[in-house]
Amino acid sequence: MPIARSLRQLGAVLALLPAVALAQTVGGPLSPLPPVPELAAERVELGRRLFNDPRLSSDNSLSCASCHRLDQGGADNLPLSPGFDGKPLPVNTPSVFNASLNARQFWDGRAQTLEEQAHLVVQSPAEMGSDWQVVVRRIADDPDYRAGFARAYDQGVDEHNVQNALATFQRTLLTPGSRFDRYLQGDTAILSTDEKYGYQRFQEYGCIACHQGVNIGGNMLQKFGVLGDYFKDRGNPTPADLGRFNVTGDEEDRHVFKVPSLRNVAVTAPYFHDGSAATLEAAVDVMFRYQLGRTPSDEDKALIIQFLKTLTGQWQGKPL
Amino acid sequence: MMLTRRRSFLLLATSAALLASVLVYLYLMSKADESDTYAQARDLIRQIKQNDSQWENEILKARTTINYNYDPLVSPLVEMKQLWRAFDNIEAHHRHAATPAWRAAYADYQQALEDKSRWVERFKSHNAILRNSLAFLPTAADGIQVQLGQLDATDTLRLHSIATDTYDLMLSSLEFAQMTTDDKAADILVGLNKLAVNKERLPAEFHGPIDILSNHIALILREQPRVNQLLEQIEAVAVAERLDTITQMLDRDERAALLIDQRYHFYLLVFSTLLMLLLLYMAVCLLRSFSEINRVNRALMGANDELEQRVERRTLALTQASTALQREIDERTLLESQLVQSEKLASLGQLAAGVAHEVNNPIGFVSSNLGALDDYFSRLQDMLKAYRQAEIAIDPATLSASLATLRTEIELDYILDDIPLLIRESKDGISRVGQIVKDLKDFSRVDSNQDWQWANLQQGIESTLNIVASELKYKADLVKAYAPLPEVECLPSQINQVIMNLVVNAAQAMGPQRGTITLRSGCEGEQVWIEVADNGCGIPADSLQKIFDPFYTTKPVGQGTGLGLSLSYGIIKRHRGEIHVLSEVGVGTTFRIELPVHQTRAA
């Protein structure tokens with residue numbers, strides 16, 4: 001019986017091994033960004049104007065671009081951006097770049113589409129503090145918008161179309177051409193040896209378990225503090241720290257957040273939903289401690305950070 | 001009337017609309033060939049199912065693969081939602097979403113998908129860290145083994161036992177990943193405890209790696225059952241079955257729809273046939289009513305024509321009556337004028353007759369006195385002759401001389417010669433006066449004015465000519481070519497008047513030159529005729545028809561009444577005779593009167 005048992009054990013282990021070996025040979029868990037999609041130019045242009053239009057906020061003070069600054073990596077450099085009333089928002093502003101490739105929007109993943117995201121932000125009493133009737137009326141009162149919407153949409157200006165225009169514009173906000181993408185596309189010489197080692201460490205330590213896919217993250221939810229209580233250690237708990245629990249009310253979702261994309265990570269400090277990590281080093285440290293439960297060597301950490309810096313892409317032909 | 005027509009129109013319109021809508025309804029119901037949309041819907045469901053199984057494939061892949069790309073676990077859901085939206089759009093046309101069965105099927109599927117995506121989402125989170133720890137486990141264990149190997153072997157047996165424990169724990173954990181049983185879990189817990197104990201026995205530098213290892217093993221111990229549970233939950237979510245149910249319902253609905261289609265096809269056929277029959281019937285009715293209308297129309301037209309004819313007839317009769325009336329009026333007027341004229345003539349005649357009568361007496365005694373005077377004077381001549389012879393014998397001579405002187409002075413011889421002549425002439429004059437009076441009486445016939453009598457027309461003509469002689473004298477010569485005429489039954493004074501008219505007209509027709517008037521007469525059997533011909537100016541053809549019309553005249557005002565010929569015409573007609581005229585301008589005119597000898601007057 002013990003012999004048979006140990007044989008079975010061995011068999012099980014052996015059965016597992018090819019799977020492990022296989023995983024490292026197929027394709028790879030990361031893929032380059034797709035090309036910027038060709039979308040209806042009039043809708044994109046309307047979306048661009050709306051994105052920069054403060055009339056979306058209740059007191060005409062904030063536009064989307066106030067926080068999602070396209071010249072600052074699609075976010076701002078504040079831990080917590082101010083809302084229309086000047087009070088800091090509960091969570092850090094994520095980058096708008098490549099947001100269309102995220103499976104969900106917001107840190108707590110409460111929106112599944114960009115349209116939904118726009119809808120919620122405008123209504124949010126902390127963010128834009130407006131309501132759609134007002135916004136649609138303001139837009140419809142503008143003859144330029146009216147003409148533009150009449151050209152781009154059959155129904156002209158309405159809530160759905162305003163949201164769609166915003167989302168359509170955001171779908172064009174991709175940042176292809178990062179050095180790492182070019183490496184994935186076959187230009188293996190473009191990365192230095194250290195950066196390649198960094199990628200290897202990134203995989204070995206298991207960062208890639210969550211930060212994978214085309215957006216190097218963004219496609220799953222994860223508990224913040226898998227192998228350690230981040231919030232206890234950080235102190236000052238806020239309601240936003242509950243993460244997805246605030247959406248589902250499910251105990252299992254306590255402290256669960258969307259895994260953010262690591263694209264352009266080097267230019268989108270500070271990090272985490274609370275904006276608590278001001279530097280990449282700090283962020284990587286927190287990740288190792290609370291998510292991976294491992295202690296990397298300084299060298300490995302430096303390599304990983306070097307790798308992360310290769311993820312910075314380009315927008316309108318210029319690096320972010 | 002109006003109301004009933006409107007009501008029947010409304011009724012007609014309503015029934016037409018009703019029939020049309022039934023037809024359209026049946027057509028739409030039978031036309032709804034939805035096999036296309038059913039096929040599309042089924043295809044979409046099949047694609048959703050495909051995505052679902054692909055999803056499950058990816059889940060299986062994800063549970064055995066480290067460094068897995070979770071994008072394929074996101075995309076099927078996105079795809080399925082899109083496909084479902086397309087399906088929903090198609091199904092919106094089928095309208096059966098309202099039935100409870102369909103609502104339930106929809107809700108079941110949505111719930112299943114929601115459950116599944118929730119479990120998959122959780123699976124991703126748990127699986128990612130589980131795989132990561134499992135992958136890390138050999139490395140972590142190896143790290144400890146290597147570290148153990150580097151220790152100075154003071155207690156090799158114990159170290160060996162610690163190494164074996166660690167290795168066993170790792171193996172158990174890996175095995176646990178394959179066969180998650182409570183036994184294994186208990187084993188791992190025991191192993192973890194052992195590791196914790198062993199940790200205490202090892203130097204401090206071992207504490208970190210052992211903590212990390214035991215943390216990860218604890219994670220595996222925690223996460224593996226969770227992952228397994230999630231997989232079971234995912235497996236338990238019957239998305240595919242829900243989709244199969246929907247497919248079956250689609251099939252059933254399609255069959256039902258097909259049946260309904262066929263039924264409506266049949267209904268449509270029957271209805272169309274009925275409608276066709278109705279149309280045929282209506283066509284027949286229409287034709288019938290058309291022919292009826294035509295018949296009535298024809299009758300109406302006939303009646304109309306008849307009416308028109310009657311109107312025409314009436315109008316004609318009226319015209320005729322009016323003409324007759326006019327004629328009567330004209331005749332009356334004429335008659336009146338004639339009456340006036342004849343009255344005038346009659347009173348003139350009476351006057352003339354009266355004068356003639358009064359003149360007759362003095363004529364008588366003047367005539368007889370003249371006879372006596374003639375006789376006395378011849379006797380006086382004889383006496384005077386005797387005195388003359390005796391004169392020579394008278395003595396004294398002076399006396400005889402004075403007697404001779406006186407005789408010479410008074411031109412006795414001439415007187416004696418002239419007196420008989422004077423007496424003769426006076427006698428002649430008196431006889432002429434007598435003749436005139438007689439003619440006047442003859443012409444006027446005052447005594448027997450309006451009585452039909454047998455009269456000698458020639459005598460009448462002569463009398464008339466005598467009366468108008470003064471008018472003829474300077475204008476024309478009279479030529480008389482009489483044939484003897486029998487006595488004619490007539491109104492002589494009126495015939496005389498006609499003759500006088502014609503003769504006076506003839507005289508007036510003469511130009512400045514003296515002309516000839518020819519009077520002829522004759523007798524032909526029971527008819528006598530009289531012609532008055534002149535060689536005057538003649539009558540133009542266009543006037544010729546009108547000369548007998550009353551008041552027609554070409555003479556200057558005052559010279560003629562325009563009644564002469566019309567009066568004559570009337571008189572001749574009264575005698576049932578004829579009066580004709582022949583005329584040529586510049587040559588002359590001839591009037592011819594024809595009269596019957598006998599008047600067969602009816603009462």
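Predicted model: local features only at pLDDT ≥ 70, side-chain atom pairs only at ≥ 80, totals over all residues.

Colleague: Okay, so which residue of chain B forms a salt bridge with Arg104(A)?

Modeller: Look for a carboxyl oxygen within 4 Å of a side-chain nitrogen. For Arg104(A), the closest N and O atoms are 3.2 Å apart, and the partner is Glu121(B).

Colleague: How many salt bridges are there between chain A and chain B?

Modeller: The pair Arg104(A) and Glu121(B) is a salt bridge between these chains. Polar contacts are counted as well, with 15 residue pairs between chain A and chain B, both residues at pLDDT 80 or more. For salt bridges, the count is 5.

Colleague: Which element gives the largest share of the side of chain A that touches chain B?

Modeller: Two elements give two or more residues there: strand 1 (221-223) and helix 1 (2-25) of chain A. The largest share is 10 residues, and it comes from helix 1 of chain A.

Colleague: How much area do chain A and chain B bury between them?

Modeller: The contact involves 37 residues of chain A and 32 residues of chain B. Of the buried area, 53% is on carbon and sulfur atoms. The value is about 3,000 Å².

Colleague: And in the open sheet of chain B, which strands are the edge strands?

Modeller: The sheet has 5 strands in the order 2-4-5-7-6, with mixed pairing. An edge strand pairs on one side only, and here that goes for strand 2 (476-481) and strand 6 (578-584) of chain B.

Terms used: Residues numbered from 1 in each chain as written. Chains lettered and ligands numbered in written order. Heavy atoms only, no water. Pairing = 2+ DSSP bridges. Helix = DSSP H or I, 4+ residues; strand = E, 2+ residues; numbered from the N terminus. Contact = heavy atoms within 4.5 Å. Buried area = accessible area lost by both parts, 1.4 Å probe. Polar contact = N/O pair within 3.5 Å; in protein donor to acceptor, adjacent residues only side chain to side chain.
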